[in-house]
Amino acid sequence: MITRNRVCLWYDGAALEAPTFYARTFPDSHVGNVFRAPTDYPAGSAGDVLTVDFTVAGIPCLGLNGGPAFHHSEAFSFQIATEDQAENDRLWHAIVDNGGQESECGWCKDRWGLSRQITPRVLSEALAHPDPAVGKRAFEAMMTMRKIEVAAIEAAIRDER
């Protein structure tokens, strides 16, 4: 059954490669149906991958091999909540060390240009804390980081700067 609402992600020939990587990397992720061209067409040949159904971190997606016309940007990203530093580091390095790129404040980009926010739950909880001073300290600590360091966020929460 086709999902009623899903995210369509445009790739230049990597609509199967990227979801396969995501399925190996992120919990609650898998590759589903792969749809191939039934005949030759102006941009490709019979048997080429056209679209791929997949789920990444529980979100249903469709990968589309649409060609080079459009590129991913930071205007769209997946925010992945992590439980601890080990999970945070594993996911960050899976993206960055496999052709990806670091950015600021827990953001990184995979080798296909798709952005992720690798965000420890402790940071999200601190930013939503009822005491605005806690949120301010956690935010200021985050602004100095690329990959989020849980110990530094916890120290900011405790006001141990």
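Predicted model: local features only at pLDDT ≥ 70, side-chain atom pairs only at ≥ 80, totals over all residues.
Student: How many helices and strands does the chain have?

Tutor: Helices (H or I, at least four residues) and strands (E, at least two) are DSSP runs, numbered from the N terminus. The chain has 5 helices and 8 strands, and its elements follow the order β-α-β-β-β-β-α-β-β-β-α-α-α from the N terminus. Over residues 6–119 the chain is 18% helix and 38% strand.

Student: Into which domains is the chain divided?

Tutor: Domain bounds come from an automatic or database domain assignment. Here they give domain 1 (1–68) and domain 2 (71–160), with C-alpha centres 27 Å apart. Each domain brings 17 residues to the contact, where contact means heavy atoms within 4.5 Å.

Student: How much area do domain 1 and domain 2 bury between them?

Tutor: Buried area is the accessible area (1.4 Å probe) that two parts lose on being put together, summed over both. For domain 1 and domain 2 the value is about 1300 Å², 73% of it on carbon and sulfur atoms.

Student: How many salt bridges are counted between domain 1 and domain 2?

Tutor: Side chains of opposite charge can pair when their charged atoms come close. A salt bridge is a side-chain nitrogen of Lys or Arg within 4 Å of a carboxyl oxygen of Asp or Glu. The chain holds 12 salt bridges by this rule. Arg111 lies in the loop between β7 (107–109) and β8 (115–120) and Glu17 in helix α1, so this pair ties together parts that are 94 residues apart in sequence. The closest N and O atoms of Arg111 and Glu17 are 3.2 Å apart. Between domain 1 and domain 2 the count is 1 salt bridge.

Student: Which elements give two or more residues to the side of domain 1 that touches domain 2?

Tutor: They are β1 (7–11), α1 (17–25) and β4 (59–65). Of these, α1 gives the most, with 5 residues.

Definitions and conventions:
Residues numbered from 1 in each chain as written. Heavy atoms only, no water.
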